[in-house]
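Student: Hi! Could you walk me through this one while I have it open on my screen?
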Amino acid sequence: VQLQASGGGLVQAGGSLRLSCAASGSIFSINGMGWYRQAPGKQRELVATIASGGSTNYADSVKGRFTISRDNAKNTVYLQMNSLKPEDTAVYYCYAVVFIAGVHSPYDYWGQGTQVTVSS
């Protein structure tokens with residue numbers, strides 16, 4: 001199973017970006033999906049999660065600005081980021097809790113990370 005993230009880049013403060021992360025491989029089903037981020041010199045932190053049924057959870061720092069969504073038919077999770085701030089600058093990592101065909105327990109898979117840089 002591989003997760004391929006895309007959509008990062010350089011944007012001015014107040015701007016928007018949309019991240020995508022597509023899972024591929026021997027996937028039977030996917031439970032939770034989400035995004036974490038890691039800024040230089042800081043620990044990785046949760047940004048947003050979305051369950052298979054669509055319920056969502058956000059870090060307080062991004063509530064009202066970021067929206068997570070998913071397309072189960074495409075095994076893809078998205079992160080729409082609006083009103084970006086310089087403190088949102090980080091490498092963003094997607095993850096998915098995946099059931100592989102023929103295996104009873106789920107595994108966590110991570111994408112390679114995509115850089116988001118917000119200039120002031």
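Student: Is Tyr95 buried or exposed?
Tutor: Tyr95 is buried, as its relative accessible area is 12% and the cut-off for buried is under 20%. Keep in mind that this is a predicted model.

Student: Okay, and how many aromatic pairs are there?
Tutor: The count is three aromatic pairs. In one of them, the ring centres of Tyr36 and Tyr95 are 5.7 Å apart with the planes at 70°, so this pair is edge-to-face.

Student: Where do Tyr36 and Tyr95 sit in the chain?
Tutor: Tyr36 belongs to strand β4, residues 27-38, while Tyr95 belongs to strand β9, residues 90-100.

Student: How does Tyr36 count for accessibility?
Tutor: Tyr36 counts as partly exposed, with 24% relative accessibility.

Student: Which aromatic pair does Tyr36 form with Trp110?
Tutor: That one is edge-to-face too: 5.3 Å from centre to centre, with 65° between the planes of Tyr36 and Trp110. Trp110 is in strand β10, residues 107-110, and lies 74 residues from Tyr36, which is in strand β4. Together, ring pairs link Tyr36, Tyr95 and Trp110 into a cluster.

Student: And how does Trp110 count for accessibility?
Tutor: Trp110 counts as partly exposed, at 39% relative accessibility.

Student: Which charged end sits over the ring of Trp110?
Tutor: That would be Arg44, whose charged end is 5.0 Å from the centre of the Trp110 ring. There is also Arg18, with its charged end over the ring of Tyr78, 4.1 Å from the ring centre.

Student: New topic: how many disulfides are there?
Tutor: The count is one disulfide. It joins Cys21 to Cys94, with an S to S distance of 2.0 Å.

Student: Why is the disulfide right-handed?
Tutor: The torsion about the S-S bond of Cys21 and Cys94 is about 55°, so the disulfide counts as right-handed.

Student: Now let's zoom out. How many helices and strands are in the protein chain?
Tutor: The protein chain has zero helices and 11 strands.

Student: What about the radius of gyration?
Tutor: The protein chain has a radius of gyration of 14 Å, which agrees with the value near 14 Å for a compact globule of 120 residues. Along the principal axes, the C-alpha trace spans about 50 × 25 × 25 Å.

Student: How many of the 120 residues count as buried, as a percentage?
Tutor: In the protein chain, 42% of the 120 residues count as buried. The accessible surface is about 6300 Å², and carbon and sulfur atoms account for 48% of that surface.

Student: Last one: what percentage of contacts join residues at least 24 apart?
Tutor: Taking contacts between residues at least 6 apart in sequence, 55% join residues at least 24 apart.

Definitions and conventions. Residues are numbered from 1 along each chain as its sequence is written. This is a predicted model: local features need pLDDT of at least 70, side-chain atom pairs count only at pLDDT 80 or more; totals for chains, interfaces and linings use all residues. Side-chain values use heavy atoms; hydrogens and water are left out. Rings of Phe, Tyr and Trp (its six-membered ring) pair if their centres lie within 6.5 Å; planes under 30 degrees apart count as stacked, over 60 as edge-to-face and the rest as tilted. Helices (H or I, at least four residues) and strands (E, at least two) are DSSP runs, numbered from the N terminus. Buried means under 20% relative accessible area, exposed over 50%, partly exposed in between (1.4 Å probe, protein chains only). A charge sits over a ring if NZ of Lys or CZ of Arg is within 6 Å of the ring centre and within 35 degrees of the ring normal. A disulfide is a pair of cysteine sulfur atoms within 2.5 Å. The radius of gyration is taken over C-alpha atoms; the globule rule is 2.2 Å times the number of residues to the power 0.38. Contact means heavy atoms within 4.5 Å. Accessible areas come from the Shrake-Rupley method with a 1.4 Å probe; for residues, only the protein chains shown count as cover.
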